Structure formats: C-alpha cells, structure tokens
Amino acid sequence: MSEAVDRIAKWAEQIEKYSAVEWDRLPEIYLYMDQVLTYMNKQIGVFERSENTSPLTSSMINNYVKDGILPRPEQKKYSREHLALLLVICMLKQVLSIQDISFLLKTLLENTGKKEMYGQFCNAHSAALKEVCERVAQTAGQGDAELTKLAIELSIEATARRTVSERILSELSTAEEKARKEREEKEKGGKKEK
C-alpha cells in the first residue's frame, strides 16, 4: 500500500470515529472569540483539506452575526447555542451558500428547538460520514486507481446532492417570500378599508 493510500485509510478511520459534540457536552460557560475559535477549530479541523488551514476565523463569525445567521453574542461572549449553530454552519458552508444556510436554519428552528435541531443534524452527519468512510475503507486496499475512481464517484454524488438541496431551498424560499408579500398586501388592503 502506498504512503498516500495509507494516510487516506488512517484519515478515513479518524473521520468514521468522529462525532460532533453532543449538545449537553458543549461548553456551558460563555466563551470569548479567541476561545470560540480554538474550540471550533479543534472540533472541525479534521475536515479541512490540509492540517495547515484554519476552518473558522473571527471575520467569518462576525459576518455570520452581521448577516443574522448567528445571534449576537452577549457582551462579546458566545454560548452553547452559538457553538452548535457555528458547527452546523461550518459543515454546511462547504456545500451551500450562506443565504441557503440562513434560510435552512431559520426554517428548521421555526419547527424545533436549537437542541433538537442540533441533535438531528449531528445524527445525520454521523450517518453520512460512516457510510462514506466505509466506502473509503473498502476501496483503500485496492490501490490508487480505485481510490481515484471513488473520488470521482463521490464528487459526482456530492454535486448531484448539492444541486437538489439548492433547488429545494430555492423553491421553498421563493414560496415563503411570495406568501410573505401576499400577507403584507392583504394587511395593507385591510388597513385602507378602515
């Protein structure tokens, strides 16, 4: 087995064992930005292309707050809820636009609490990682050519799934916006009649 194949197999084993921190194990104390970055980068660093990159920066967090995807910190301190949402955002930003992530989180949180939404996300994430890592483990022993074939298959699957996700979110977002405008028009009409 080549050195690259060996590193891929070890990485896949590491990823398969990964599970996001359960809600009740997220820090209960409020964290400052530098503490948030240290904590989050330890949690999600394993998913980066190389070990020399930082998956989350203070600028990113500030932009998420400014864009309304992440609630404002309380006195520059971030809570368990912030950490859970950041984890979800960081995992999804590899696939979806920030606009789509914002709509998705807003919609999910209308129907469920943050703890439940986070738990559902973690379960789905773990199941997806397990399935992919099993495929990598089965293929790793077959050599570079088969791993390359798996990489293209996974890339095609990822593209197809991203395309479908984007279409679903686009259609739902458009329908919600249309309904909102109709409600506003109806409210304006009701005020004029008075």
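This is a predicted model: local features need pLDDT of at least 70, side-chain atom pairs count only at pLDDT 80 or more; totals for chains, interfaces and linings use all residues.

Student: What is a disulfide, in general?

Tutor: A disulfide is a covalent bond joining the sulfur atoms of two cysteines. To count one here, the two sulfur atoms must lie within 2.5 Å.

Student: Which cysteine sulfur is closest to that of cysteine 90?

Tutor: The sulfur of cysteine 122, at 13 Å, so the gap is too far for a bond. The disulfide count by this rule is zero.

Student: Is cysteine 90 buried or exposed?

Tutor: Read the relative accessible area; under 20% is buried. Cysteine 90 has 5% relative accessibility, so it counts as buried. Cysteine 122 has 9%, so it is buried too.

Student: Where is arginine 80?

Tutor: Arginine 80 is in helix H4, which covers residues 80-92. Its relative accessible area is 16%, so arginine 80 counts as buried.

Student: Which backbone oxygens does the side chain of arginine 80 reach?

Tutor: One belongs to tryptophan 23, at 3.4 Å. Another belongs to leucine 26, also at 3.4 Å.

Student: Which residues is arginine 80 in contact with, leaving aside neighbours within four places in sequence?

Tutor: Arginine 80 is in contact with Trp23, Asp24, Leu26, Pro27 and Glu28.

Student: Now a loop. What lies on either side of threonine 112?

Tutor: Threonine 112 sits in the loop between helix H5 (98-111) and helix H6 (114-140).

Student: Is threonine 112 buried or exposed?

Tutor: Use the cut-off again: under 20% is buried. Threonine 112 has a relative accessible area of 14%, so it is buried.

Student: What does the side chain of threonine 112 make a polar contact with?

Tutor: The side chain of glutamate 116, at 3.0 Å.

Student: Let us turn to the surface. Which residues form a nonpolar patch there?

Tutor: Val164, Ile168 and Leu172. Together they have about 270 Å² of accessible area.

Student: Take one of them. Where does leucine 172 lie?

Tutor: Leucine 172 lies in helix H7, residues 144-193.

Key:
Residues are numbered from 1 along each chain as its sequence is written. Side-chain values use heavy atoms; hydrogens and water are left out. Patches are made of residues with over 30% relative accessible area and no salt bridge: like charges are joined within 9 Å, nonpolar side chains (Val, Leu, Ile, Met, Phe, Trp, Tyr) within 5 Å. Accessible areas come from the Shrake-Rupley method with a 1.4 Å probe; for residues, only the protein chains shown count as cover. A salt bridge is a side-chain nitrogen of Lys or Arg within 4 Å of a carboxyl oxygen of Asp or Glu. Helices (H or I, at least four residues) and strands (E, at least two) are DSSP runs, numbered from the N terminus. Buried means under 20% relative accessible area, exposed over 50%, partly exposed in between (1.4 Å probe, protein chains only). A polar contact is a pair of N or O atoms within 3.5 Å; within protein, one must be able to donate a hydrogen and the other to accept it, and residues adjacent in sequence count only if both atoms are side-chain atoms. Contact means heavy atoms within 4.5 Å.
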